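Dear colleague,

Please find below the structure that I am handing over to you, with its sequence. My notes on what was found in it follow directly after.

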Amino acid sequence: MQSVNDKSGYYAVILFLIWPLLAVISALRNYSSGWGKNILWAFVAFYGFAFAIGTESQNSDIVRYVTELEYLAGIKMTFSGAIQYYMESGEIDVLRTFLAVLVSRFTSESAVLTLIYGIIFGYFFSRNMWFVLERLKGKIQPIVLILVACLFLIIPIWQINGFRFWTAAHIFIYGLLLFLFDQKKGGIVVSLLSLLVHFAFIVPIGILLGYLIAGNRPIIYFCFFFATIFVSEIDVTALNNIIESYAPEIIQDRSSGYRGEEKVEAYREETNTDTVWYAVWYGRLLKWSIMGFLVILFIKGRDFFRNNLSWGNLFSFTLLFYGVANLFSSLPSGGRYSSIANVIALVLIILYIQNKEQETVMERFVWFATPALLLFILVAFRIGLYSMSATAVLGNPVIAILFMGEHISLNDVMKMIL
């Protein structure tokens, strides 16, 4: 852990204005500083301002958001008109439509919209990453560096591409960690706010409410989690019956595209014969590695979790959430819950490996899992090149303003060169 002085924060700000990426690297090296997480937050906002929509991202949500902004900027709209627009949009989520209408009253520039996305996403992303970093004790182990890199890349900064779900994910996780690990009840309220960003967070919030009722039941949750490793197909007919019997009509309409029986069957029978092997396996190997870590933690760490309430809270909830996420992974778009489960689990695993003396079985599994984790890092970073602009990597805020709206992805740059 490096010592820092009071002026280092000012130097970091100056460095950020000259070269933001170098400032972030400096922040990570000084992770014990008070300013590091704010530099990361500023970088995500800068990344959003310099966001590039690459050739491979033309079908992503961000294209629809930008098109809507340009449309709204071209029409006059009163407050009551904005309410009517929201009601007629069919959206349940409040935040994204609110931002689209608000920004369109001032500009049609997509860079401004993605800047605001970056500010909101970046705040919760930086807090979640620093939640782990500022709790690491002693000299950082090599495997912990690899696991932290995975943590940064599971729901990375380029996921502002799908602003609603992934921002809601970091909001939910932020509140969850405050509640489970720091035992701050206000964290529950923060997690509930994720529902304003994406309606699909009714599932994570439902799990949280179930946990609040049932409490810590590590043995029961582990049996459930372990069973879903082998049997992870949810009964879609029963699911549809529950939703159509109890959910509001608007939830039924918005979720119908994910739970139609024919669509679910087609999704489950889908093969990836045209996809390169590493694109298929990088996510699976990460998931299997994390599940392996959780099994070891249950076998070797139960006494520790039983005697340490904060750790026990996080461990119990992780098992419960991971089990439900395994079930939902058999539905279209249900695999997104696995990303949330992976982040929560990695927070626990990283802190456990770094801050506790390791047993032999854990040390051996670390060696076994390392190649899978490295593959995940390489492929996940490669995906980021689709929306990572050259300006975000090499430029600064002045250059980003001069070339506003004309940023090109690094992937497209590579294709022009190679």
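The buried residues of helix H22 are covered by elements that include helix H19 (360–384) and helix H20 (390–394). Helix H22 itself spans residues 410–417, and Leu410, Asn411 and Asp412 are buried in it. Please bear in mind throughout that this is a predicted model.

**Helix packing**

Two packed helices are described by the angle between their axes and the distance between the axes. Three pairs are reported here in those terms.

The axes of helix H1 (residues 8–18) and helix H3 come within 11 Å of one another and cross at roughly 15°. Because that angle is under 35 degrees, H1 counts as roughly parallel to H3. The crossing of H1 and H3 is right-handed. On the H1 side, the contact is made by Ala12, Val13 and Phe16, and on the H3 side by Ile39, Ala42, Phe43 and Phe46. Sorted by class, the contact of H1 with H3 comprises seven nonpolar residues, with no polar and no charged ones.

Helix H3 (residues 36–49) also packs with helix H7 (residues 110–133), at an angle of about 150° and with the axes 7 Å apart. H3 is therefore roughly antiparallel to H7, since the angle is over 145 degrees. H3 passes H7 in a right-handed crossing. The contact of H3 with H7 has 13 nonpolar, seven polar and two charged residues.

Helix H7 meets helix H9 as well. The axes of H7 and H9 come within 9 Å and cross at roughly 35°, and the crossing of this pair is left-handed. From H7, the residues in the contact include Tyr117, Ile120, Phe121, Phe124 and Phe125. Their counterparts in H9 include Phe163, Trp166, His170, Ile171 and Tyr174. By class, the contact of H7 with H9 has 14 nonpolar residues, three polar and one charged.

**Pro156**

Pro156 lies in the loop between helix H8 (142–154) and H9. Is Pro156 buried or exposed? Pro156 is buried, because its relative accessible area is 4%, where buried means under 20%. Setting aside residues up to four places away in sequence, Pro156 touches Phe121 and Phe125. Phe121 and Phe125 are also among the H7 residues that meet H9. The C-alpha atoms of Pro156 and Gly323 are separated by 23 Å, and the two residues are 167 apart along the chain.

**Ser316**

Ser316 is found in helix H17 (residues 309–328). With a relative accessibility of 2%, Ser316 counts as buried. Which residues does Ser316 touch, not counting residues up to four places away in sequence? They are Tyr211, Asn216, Arg217, Pro218 and Tyr221.

**Glu233**

Glu233 is placed in the loop between helix H12 (218–230) and helix H13 (236–246). Glu233 is exposed, because its relative accessible area is 54% and exposed means over 50%. Not counting residues up to four places away in sequence, Glu233 touches Arg268 and Ser330. Glu233 and Arg268 are 35 residues apart along the chain, and their C-alpha atoms are separated by 8.9 Å.

**Two loop residues with positive phi**

Gln183 has a phi near 55°, a positive value in a residue other than glycine. Gln183 lies in the loop between helix H9 (163–180) and helix H10 (186–193). At 42% relative accessibility, Gln183 counts as partly exposed.

Ser333 has a positive phi of about 70°, although Ser333 is not a glycine. The loop that holds Ser333 runs between H17 and helix H18 (336–355). Ser333 counts as partly exposed, at 34% relative accessibility.

**Cysteines**

A disulfide is a covalent bond between the sulfur atoms of two cysteines. How many disulfides does the structure hold? The structure holds zero disulfides. Cys150 is buried, with a relative accessible area of 0%, whereas Cys223 counts as partly exposed at 47% relative accessibility.

Yours sincerely,

Definitions and conventions
Residues numbered from 1 in each chain as written. Predicted model: local features only at pLDDT ≥ 70, side-chain atom pairs only at ≥ 80, totals over all residues. Heavy atoms only, no water. Disulfide = S-S within 2.5 Å. Buried < 20%, exposed > 50% of the residue type's maximum accessible area, 1.4 Å probe, protein only. Axes fitted to C-alpha atoms, helices over the stretch in contact; angles between N-to-C directions. Helix = DSSP H or I, 4+ residues; strand = E, 2+ residues; numbered from the N terminus. Parallel < 35°, antiparallel > 145°, perpendicular 65-115°, else oblique. Left-handed = near helix turned anticlockwise from the far one by under 90°. Nonpolar A, V, L, I, M, F, W, Y, C, P; charged D, E, K, R; others polar. Contact = heavy atoms within 4.5 Å.
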